[in-house]
Amino acid sequence: MDRPILKTPDEIAKLRVANQIVKGALDLVGEMIEPGISTLDLDIAVEKYIRDNGALPTFKGYPAPSVNVMPYPASICASIDEEVVHGIPSAERKLEEGQIISVDIGTKINGYCGDATRSFAVGNISKKAQKLLDTTYRCLDNAIRVLRPGVLLTEVCAAIQKEAESNSFSIVKQFVGHGIGRNMHEPPQVPNYVSRGGRDTNFELPVGTVLAIEPMVNVGKSEVIAKRDGWTIITKDRSLSCHWEHSVAITETGVEVLSI
Ligand code: MF3
Ligand code: CO
């Protein structure tokens, strides 16, 4: 079982700095979202914001998940409608009224990483899309609410799954949250559902645990596939998908959301 690499209060302070830059960049994105803007416009603005704040965009150049795929070419992932995660920004991809878009941003500063995602509505969206946004956010929020020193990782996974499925949505199983620290991806993996009866997640999370919790929720079936670019993940049935993420620390006094 892959236990977390525990962080000291000093290290948590550094993770807070990295995550506050992510938060600022997501605020900037929120101000920019409107019909007509391209996902590349968002990427350029975010990369400048990250660098102006003395950090590096961790996604840029990140090694591909499979051979014959280029390293990740941008600073943000921008995933629209049926795109689940890892949508590559492009000048051709302009936002349209009624879409939903998740923007995922990673930073590194003073050796520590930040990672968070928000989903946004582009103008007026359907009731179904709004319910998906709200439910996915509640999945993340409920997961954060169960955190406390010594909580079982399975409890976190179960809180996410329950919220999604009780709203008749499905959880993406192929992608998971993760520990975060000096590296963007550290143990443990944080599935958004209880896998194998909870056997892989049946351990306690002590003070000093820092996790990036990132539910991905689909309106339709849970299966996802990669597009030809090797990065962009879409729902197999092309149903709408949504993604929220926060980096969260378990401390002596409770829980701190580092990216809020
Ligand atoms: N938040 C995502 C993750 O935790 C973003 C990774 S994008 C990549 O895995 F390009 F860096 F892979
Ligand atoms: Co992440």
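A residue is called buried at under 20% relative accessible area, exposed at over 50% and partly exposed in between, using a 1.4 Å probe and the protein chains only. The model is predicted: local features need pLDDT of at least 70, side-chain atom pairs count only at pLDDT 80 or more, and totals for chains, interfaces and linings use all residues. Residues are numbered from 1 along each chain as its sequence is written, chains are lettered from A and ligands numbered from 1 in the order in which they are written, and side-chain values use heavy atoms, with hydrogens and water left out.

1. N192 counts as buried because its relative accessibility is 0%. N192 is placed in the loop between β9 (186-190) and β10 (204-205); strands are DSSP runs of E with at least two residues, helices are runs of H or I with at least four, and both are numbered from the N terminus. From N192 to I33 the C-alpha separation is 28 Å, across 159 residues of sequence.

2. Strand β9 also contains P188. The peptide bond joining P187 and P188 is cis, with omega about 0°.

3. T136, in helix α3 (residues 127-146), is likewise buried, since its relative accessible area is 0%. Its side chain reaches the backbone oxygen of L132 at 2.7 Å, a polar contact (a pair of N or O atoms within 3.5 Å; within protein, one must be able to donate a hydrogen and the other to accept it, and residues adjacent in sequence count only if both atoms are side-chain atoms).

4. Ligand 1 has 13 residues around it, of which D104, D115, H178, H185 and E214 come nearest; a residue is near if one of its heavy atoms lies within 4 Å. The shell divides into six nonpolar, three polar and four charged residues. Here Ala, Val, Leu, Ile, Met, Phe, Trp, Tyr, Cys and Pro count as nonpolar, Asp, Glu, Lys and Arg as charged, and the others, Gly among them, as polar.

5. A nitrogen atom of ligand 1 is 2.6 Å from a side-chain N or O atom of D104, and a nitrogen atom of the ligand is 3.1 Å from such an atom of E245. An oxygen atom of ligand 1 lies 3.0 Å from a polar side-chain atom of D115. Of the 330 Å² that ligand 1 exposes when taken alone, the protein buries 94% (Shrake-Rupley areas, 1.4 Å probe).

6. Two residues other than glycine have positive phi. H86, in the loop between β3 (83-85) and β4 (100-109), has phi near 65° and is partly exposed because its relative accessibility is 22%. For R238, phi is about 65°; this residue lies in the loop between β14 (233-235) and β15 (241-243).
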